[in-house]
Amino acid sequence: GDLQGYFDAIVAADQKVEPRDWMPEAYRKTLIRQIAQHAHSEIIGMQPEGNWISRAPSLKRKAILLAKVQDEAGHGLYLYAAAETLGISRQELVEMLIEGRQKYSSIFNYPTLTWADVGAIGWLVDGAAIVNQVPLCRCSYGPYARAMIRICKEESFHQRQGYEILHTLSHGTPAQKAMAQDAVDRWWYPSLAMFGPPDTDSTHSEQSMAWKIKRFSNDELRQRFVDMCVQQATVLDLRIPDPGLRWNAERGAHDFTQPDYDELVRVIKGNGPCNRQRIEHRRQAHDEGAWVREAAAAHAAKKAVINV
Amino acid sequence: GDLQGYFDAIVAADQKVEPRDWMPEAYRKTLIRQIAQHAHSEIIGMQPEGNWISRAPSLKRKAILLAKVQDEAGHGLYLYAAAETLGISRQELVEMLIEGRQKYSSIFNYPTLTWADVGAIGWLVDGAAIVNQVPLCRCSYGPYARAMIRICKEESFHQRQGYEILHTLSHGTPAQKAMAQDAVDRWWYPSLAMFGPPDTDSTHSEQSMAWKIKRFSNDELRQRFVDMCVQQATVLDLRIPDPGLRWNAERGAHDFTQPDYDELVRVIKGNGPCNRQRIEHRRQAHDEGAWVREAAAAHAAKKAVINV
Amino acid sequence: RMTTFEKALGLGDDALIAAQRLAEWCSRAPDMEEDIALANIALDQLGAARLLLTYAGELEGRGRGEDELAFLRDDREFRNVQLVELANGDFAVTMAKLLLLSVYQRLLYESLASSSDERLAGIAGKARKESAYHVDHASLWVVRLGDGTEESRRRMRTALDAVWPYSHELFEWYPELRAPWLSVIDEVLTEAGLARPADGWAPTGGRSGVHTEALSRLLADMQVLHRAHPGVTW
Amino acid sequence: RMTTFEKALGLGDDALIAAQRLAEWCSRAPDMEEDIALANIALDQLGAARLLLTYAGELEGRGRGEDELAFLRDDREFRNVQLVELANGDFAVTMAKLLLLSVYQRLLYESLASSSDERLAGIAGKARKESAYHVDHASLWVVRLGDGTEESRRRMRTALDAVWPYSHELFEWYPELRAPWLSVIDEVLTEAGLARPADGWAPTGGRSGVHTEALSRLLADMQVLHRAHPGVTW
C-alpha cells in the first residue's frame, strides 16, 4: 500500500519515522518491546549500584554514585516517554515489568558483592551498553534515536567513572587490587552475554536490521566490545579472566572465549542469582508508593475542580 | 470481718498470702499494679540491651548477652504468671502496657549508645534492681515472693556480667576506658532515680509497708545502693559522676547528690528519650505476631476437635 | 555561643546525615519523578555537607578532611540534630522531616549568607538557593498528602505528630529563627488542612553527641568500607 | 572433597550466621515463649559455631581464634550456605529456613558424630542433640502454620516456595544426605498439608564465598564494634 511504501522510503532514506507516521504493526510492537526492555533495564539497574550508595567509601564517590543512579532513573523516564509515543502507557509497562511479562537486561540479576563491583559495572556493563547503544542513536524511530543520543552521552561519562574507580583500586593496596580483579572476574562473562545469543541463534535480528532498528549483529558488537576492553584492561593493570584471549592478526581482532549461553538462557528465564530479589524490590516500592500516588491524584482532582 | 482478720494475721506472722486466700481488694490491686509493672519492665528491658546483641564485640559476649536478654523474657513470664494468680490475664496486661495504661521502669527509656552501656546497665541498673528486689523475696504474697527468689538469683549473675564488661573496658585501651566512664556518667543518675521519688513525696509506700509488700523506703534502698556502688567503683577504677559524693562518718553512709526528680516525673509521664520508641517496638512485635498466635490457636482448636 | 568550628561541624553533620537518609529512598520512591527529586535533594545536602565539613576540618587544624570527619568519628562525636537521624519511616514521615528541616536550613543559610565569616557566607549563599527548592518540594507533598485521600491525611498527621518534638532541637543554637520558621510552617500546614502539633516533649542531645539508637546503626553502614581499609585512596 | 579445615569453617559459618539471624528476633517474636525459644536456638547455633570456628582456627594454624574468624573476615571469605544469610522475613520464612537447615544439621551432625576426627565427632555429638530440638520446634510451627488459618497457610506456602531453592546448596558437600533429608521434610510437609515445592532453580556460591547482597550488610553490623577497636580485649 501507499502507507507501507512511504514507511519503507523513509527507512531506506535513513530518515526518521515519527509518532504521527503510519508504521507496520510489527515494527511498532518490536519497538515497544525493545524500548520497554531498555527502560526496565535502567530502572532495575538502579538496584545493584544503589546497594553501595550508603556505603560508598568517600563522600566524593558517594555523590558521584548517587548522581549516576539518579541518571539511570532519568534514562528510564526518557525511554518510557519514547515508548509512550507508540501508544502504550508507562503504567502498563511498569505492570508488565513487575508481573514478569517483559524483560530487562539479565546483567542486573547478578549481585554487587563489593565496592569494586560498582567500578566493574561502570567499566564493563556501561561499556557494553554504549557499544550496544551508539548505533541506536541512528535508529529509524525518531523518539528512540533522540533519547539514545542523550543517554549515550551520560553513559560514557558513567563508564569513565567506573574505569576511574577500578583504576584507583588497582593502583591502591594489594587488598584493593584484589577486590578490583575479583570484580572483573565475576562481571566479565555476564558483560559479554549482554550482547545476546550468538548470531546463529538470534531471533528478531534480521527483521530489526531491515527496519534499521538494529545496525550490527550481536557478534559484531561483542567483538567490538572485547577489542575495546583488552586495550583498557592493560592500562587498568587488570587481567581479563579468559585464558583463550589473544590477538588474531589475520582477523585484526581478538579471539576470545564465548560466555556460557546456557547460563544466559537460565538467567533470562528467571533463574539468575537476583531475579526474584530485583523484581520483588521493584514490586514492593511500587506497592508501598500506591497510597502516595493516589493522594497526589486525589489532590490534583480537587484542585482541578476548584480551578474550573 | 473474719476474713480480714485472718489476712491480717498471716501478714503479721510473716507468712505468705496465697492465691486461694481471701485478700483485701486494695491489696490485690496494689499487687497487680506492682507485679505487672515489674513484668513489663522485664519485657521492655529487653530492648535497650537487645540493641547490642547483633554488634557484641566477641562471640563469648554475644552469647552471654543473648542469654541475659532471654532471661529477662523468662522473668517477664514468671511475673505475668504471678500476676495471673490475682485474677487478671497476661493478654489484658500486655494490652495495658501497649496502650500506656500501665507503666514500666523509667530506666529503660534511656538509649544504649555504646557497648559500655550494656556493662553499665548490668552493673548499675541490675544492681539497683537487686537492691529493690531482694526485700521482695520476703513479700507477703507467696507467688510474687517465690518468683522474686528465682529472679534475684539470675539478676545477681547479670550484675556480675555487667561489672565484668566495665572492668574489662576500664582496664583496656584509653578509648575503651573513656567508653566505660561515659556510660557510667549517663546511667548513674537514672539508676538512682529507679528507687522512685524521695520518701517525702512517695505515694503508696506506707500502705505497702503495712502489707509487707514493701519492706524499706525508697530513700533507704537508694542509700544502700549508693554505698554499694562507691566501693565497687573503686575496684572498677571508674568515677561516679557526683561531685557531692563523700563518706559521712556520722551517718555511716555516703552523702550524695539526689537525681533530678523533675526529670524522673517527665520520663514517667512519657517524655523520656525512648518512651515512644520502646512502646512502638512492643506494639509492632505484638501486632506482627497476631497472625501467628491466631494460627496456633486455630490449629490447637482443630486438634482438640479431632481428639474429642 | 559556639565557635565557628562547632557551627560548621554541626550544620555539616545535619546535612550529611540528612543526605544519607534521603539516599536510602533511591530506587524505592513512590514514582520515578520522586526518585529523581529525592536524589537531587540528597545530593544538595551531601554537597553542603562536604563544604561545611571541609571547612570545619580546616578550622580545627588537625588535618582532618571531609572524609576523616565523615567516616572516622563515632556517633558520640557527631553533632547533628536528632531529627535527621530518625528512620525514614513512610513517605509522609520523610516529607514531614524534610519540611521541618529545610525551612530551618533556608532561614539559617539566609542568615549565614551575610555572616562576617566569608567562607561560611559563601557556603550558605549557595546552599540557601537549594534549600528554597527543598522547602518547595516538601511543602508541595505535605499539602498533597494532607489534602489527598483519607489515608494520606491520616499518615501525614501521624508523621507530623511523630517528628514535631524533634524540631525543637533545631533552635537550640538559633532561637531567633523559631518565630519565622513557625510562620512558614503554619502557612504550609494551613494549606494542607493540618493542625500544628502541640509543643511539649522536646528531645535534645544531638548537639552534644547524645543521639538516638538509630545513629550508630546508620554510621555502621555508612562507615564500614572506609574503615575496613585505613588510610587508602578511593 | 574438602579438608577438615574447610569443613569446620563452612559448618561453623552456617551456624554463626544462622545464630545472628535468629537473634534478630529477640524482643520481636510473636509471643514471649517463642522469644525464649528462638533465643535458645540462636544460643545453640552460636555455641556450635564457636566450637567449630575455634577448631577451624587450630587446623589452619595461623593463630586465628573464633573471634578473628568471626569478626575479621569479609563476606567473600565466609563459607556459609546462602540459606542462612537470607533476611528473616516474616515468622513463616524464619520457620521455613529453620526447618530446612535444622533437619540438614541433625543428619550432618549425626553422621559426623562417628567421624574418625575425634574433635569433630565430639562437637557433632553435642550439636546433634540440640539440632533434634530445633527440628522439633520448626516442625511444630510449620505444621501449625500450614494447618492454622487461611492467612498462615498462605504465608507458610509462600515462605516455603521462597526458601526452597536455597536448600540445594546444603547438599553440595553432602549429597548423600539429601534423600534422608527429603524424607523427613516430606513427613513434616504432609502433616502440615503443604506440597513440597518443585525443584528447579538452585542458587549456589556460598561455599566458595559468593553470597547474596544480604551477607555484607549483616557483617557490617556484626563486625562494626570489634573492627573499630583492633586487637583489644572485650
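**Figure 1. Surroundings of C:Ala8 in a predicted model.** In this predicted model, C:Ala8 touches C:Leu52, C:Tyr55 and C:Ala56, when residues up to four places away in sequence are not counted. C:Ala8 itself belongs to helix α1 of chain C, which covers residues 4-23. With a relative accessibility of 0%, C:Ala8 counts as buried. For orientation along the chain, C:Glu85 is 77 residues away from C:Ala8 in sequence, and the C-alpha atoms of these two residues are separated by 18 Å.

**Figure 2. Chain A as a whole.** The secondary structure of chain A consists of 13 helices and two strands. Its C-alpha atoms fill a box of roughly 65 × 50 × 30 Å when this is taken along the principal axes. A compact globule of 308 residues would have a radius of gyration near 19 Å, and the 21 Å found for chain A agrees with that. Of the 308 residues of chain A, 58% count as buried. When contacts in chain A between residues at least 6 apart in sequence are considered, 76% of them join residues at least 24 apart.

**Figure 3. A:Arg222 and its contacts.** A:Arg222 is part of helix α10 of chain A, which covers residues 218-236. Its relative accessibility is 0%, and A:Arg222 therefore counts as buried. Leaving aside neighbours within four places in sequence, the residues in contact with A:Arg222 include A:Leu192, A:Ala193, A:Phe195, A:Gly196, A:Pro197 and A:Pro198. Also among the contacts of A:Arg222 are A:Phe256, A:Gln258, A:Pro259 and A:Tyr261.

**Figure 4. B:Arg222 and B:Asp219 in helix α10 of chain B.** A salt bridge joins B:Arg222 to B:Asp219, and the closest N and O atoms of the pair are 2.9 Å apart. Both residues lie in helix α10 (residues 218-236) of chain B, where they are three residues apart, or about one turn of the helix. The two partners can also be described by their accessibility: B:Arg222 counts as buried at 0% relative accessibility, whereas B:Asp219 is partly exposed, with a relative accessible area of 27%.

Figure 5. Within chain A, A:Asp182 forms a salt bridge with A:Arg186, with 3.0 Å between the closest N and O atoms. These two residues are four apart in helix α8 (residues 174-193) of chain A, so about one helical turn separates them. A:Arg186 and A:Asp182 are both buried. The side chain of A:Asp182 also meets that of D:Arg76 in a salt bridge, at 2.3 Å from N to O.

**Figure 6. The interface of chain D and chain A.** In this interface, nine residues of chain D are in contact with 18 residues of chain A. The two chains bury about 1,100 Å² between them, and carbon and sulfur atoms give 44% of this area. Two salt bridges are found across the interface, and seven residue pairs of chain D and chain A, both at pLDDT 80 or more, are in polar contact. The side of chain D that touches chain A has two nonpolar, three polar and four charged residues.

**Figure 7. A salt bridge between chain C and chain B.** The side chains of C:Arg76 and B:Asp182 meet in a salt bridge, at 2.3 Å from N to O. C:Arg76 lies in the loop between α3 (66-71) and α4 (82-85) of chain C, while B:Asp182 lies in helix α8 (residues 174-193) of chain B, so the pair joins two chains. Both C:Arg76 and B:Asp182 are buried.

**Figure 8. The interface of chain D and chain B.** Here 47 residues of chain D and 46 residues of chain B take part in the contact. The area buried between chain D and chain B is about 3,900 Å², with 69% of it on carbon and sulfur atoms. D:Ser27, D:Met32 and D:Trp234 supply 19% of the area that chain D buries against chain B, which is more than any other three residues. Chain D and chain B are joined by two salt bridges, and in one of the salt bridges the side chains of B:Arg90 and D:Glu33 meet at 2.4 Å, N to O. Between these chains, 15 residue pairs, both at pLDDT 80 or more, are in polar contact. Several helices of chain D each supply at least two residues of the side that touches chain B, among them α1 (4-23), α2 (32-60) and α6 (118-147). Helix α2(D) gives the most to this side of chain D, with eleven residues. By class, the side of chain D that touches chain B divides into 24 nonpolar, nine polar and 14 charged residues.

Note on methods: Residues are numbered from 1 along each chain as its sequence is written. Chains are lettered from A and ligands numbered from 1 in the order in which they are written. This is a predicted model: local features need pLDDT of at least 70, side-chain atom pairs count only at pLDDT 80 or more; totals for chains, interfaces and linings use all residues. Side-chain values use heavy atoms; hydrogens and water are left out. Buried means under 20% relative accessible area, exposed over 50%, partly exposed in between (1.4 Å probe, protein chains only). Contact means heavy atoms within 4.5 Å. Buried area is the accessible area (1.4 Å probe) that two parts lose on being put together, summed over both. A salt bridge is a side-chain nitrogen of Lys or Arg within 4 Å of a carboxyl oxygen of Asp or Glu. A polar contact is a pair of N or O atoms within 3.5 Å; within protein, one must be able to donate a hydrogen and the other to accept it, and residues adjacent in sequence count only if both atoms are side-chain atoms. Ala, Val, Leu, Ile, Met, Phe, Trp, Tyr, Cys and Pro count as nonpolar, Asp, Glu, Lys and Arg as charged, and the others, Gly among them, as polar. The radius of gyration is taken over C-alpha atoms; the globule rule is 2.2 Å times the number of residues to the power 0.38.
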